[in-house]
Amino acid sequence: MTHYIGALDQGTSSTRFAIFDRAGRPIAIDQRAHRQVYPRPGWVEHDPVEILERSDDVIRAALAGAGITAADLVAVGITNQRETTVVWDRQTGRPIHNAIVWQDTRTDEIVAELARSGGQDRFRATVGLPLATYFSGPKIRWILDHVDGARRRAETGDLLFGTIDTWLIWNLTGGPAGGIHVTDVSNASRTMLMNLETLEWDEEILRVLDIPRALLPPIRASSEVYGTATGALAGVPIAGDLGDQQAALFGQTCFAAGEAKNTYGTGCFMLLNTGTRAVPSKSGLLTTLAYQLGGRPPVYALEGSIAIAGALVGWLRDNLGLIGASDDIEALARTVDDNGGVYFVPAFSGLFAPYWRSEARGVIVGLTGYVTRGHLARAALEATAWQAREVLDAMNRDAGVRLSALKVDGGMVSNELLMQFQADVLGVPVIRPEVTETTALGAAYAAGLAVGFWSALDDLRANWRTDREWTPTLDAADRERGYHWWKKAVGRTFDWLEPGG
């Protein structure tokens, strides 16, 4: 009998279930979108129950599409949008509030309060992260402060916290009837609560944020058997857990220090493997856990997180009606030869790496009567590439190495105009793999290693194959001239929000 590995990939805008063979090729994928909830400006929520329902839908549909049953899967891995925060009732399994999404900025006052003592880098030496609305810790604090009775119930152990991986694993393994409450090192490292050295929740930070320890899941390795699934996956071991960007790094087989990938999705996330050493950043990057395989030493990464990439294309489609479908952006951008002097900085919820400016807001600069819809479309695509250039520059400074090539994945890598421009502004080749579902593939790899479906990392490297490579064509002087104007545009976003306003 042929066996397969499954991966449940729960992202910001949709959920998918992918089934892979031993060669790392997908044999079936099903995907379903879920609602984006915007209660107020700057607030972004998801319904955790809807996410759970979509997960069940895609699991059943992918199994049917592959013509197999759960018994044909040797294990399943989980990968997820990372900092998105859920708190739920241990007994009923009902969330006490909608999930607060990683993009949400409602915790800005909590972050400002924390920064008043020690500044934005108050906890960086311990957790590798700046104080920012991005991370889960302040979101937990907000829920405990704003939901009636939540803090008391958290202190008595009646409530559970999890990022989306934890919420899924708990429900997949039984929920109120014995569900496993667990997270892995990669997701825990995004809460602003985990000590990078001990890989445990930091008691001092919990005290400062006033978060009860009883609320939090045990932290485990990224590749090990956590429990056995019920429901549509009944009997299948849940054996891998990775935050989505770390999963993409793993799926791209960036197992050696100095190897990097960039994922182009709702946001844009570049990760550089730094090996078993946590490299402190002096350039606005995040020091994070890449993965841990069973009892082996953990592997760390430097990360540059960009809040808005593919989401900008969605904004042009949904809010402005500039395009009818996301795929239309490339054809529209190709109607012009350049950006017409327009630069678009999508700081919709502030700027992430390398600036961490929560008061910044988006700008379009350089507008003249010459500018057309095509120029706006091209500037929107170029914004993703320029943001990636800023992150790569920061990585080069922090790690002391220069990348020779960049592996890419995510929904936007089908946009060949963007990929060529990315190679041009970085000055290095950009390489797209045959299997672009690298986030799901990384979760599948982690699960497969845990149960012996694959025996070693070399087995996974052998699966990686190039689909296409873009090499730089832009003159170095033109590249730096464009970068100068981009940096000038970024400066226009600063200090838009004023204290108290």
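So, S15 and strand S16 (residues 299–306) pair antiparallel over 5 bridges, where pairing takes at least two DSSP bridges between two strands. Within that pair, Thr 288 has Ala 301 in S16 as its bridge partner. Strands here are DSSP runs of E, at least two residues, and helices are runs of H or I, at least four, numbered from the N terminus.

A quick word on where this comes from: it's a predicted model, with local features needing pLDDT of at least 70 and side-chain atom pairs pLDDT 80 or more, while totals for chains, interfaces and linings use all residues. Residues are numbered from 1 along each chain as its sequence is written, and side-chain values use heavy atoms, without hydrogens and water.

Back to the strands, then. The open sheet has 7 of them, ordered S15-S16-S14-S13-S19-S20-S21, with mixed pairing. At its edges sit S15 (286–291) and S21 (466–470), each pairing on one side only. From one strand to the next, the twist averages 30°.

Now for the helices. H9 (residues 244–251) and H14 (residues 438–451) cross at roughly 75°, their axes coming within 7 Å; axes are lines fitted to C-alpha atoms, for helices over the stretch in contact, and angles run from 0 to 180 degrees between N-to-C directions. That makes H9 roughly perpendicular to H14, a label covering 65 to 115 degrees. The contact, meaning heavy atoms within 4.5 Å, includes Phe 250 of H9 and Tyr 445 of H14.

Over to H12 (residues 373–399) and H16 (residues 476–491): they pack at about 95°, axes 11 Å apart. Among the residues in contact are Trp 386 of H12 and Trp 486 of H16.

How values were computed: Parallel < 35°, antiparallel > 145°, perpendicular 65-115°, else oblique.
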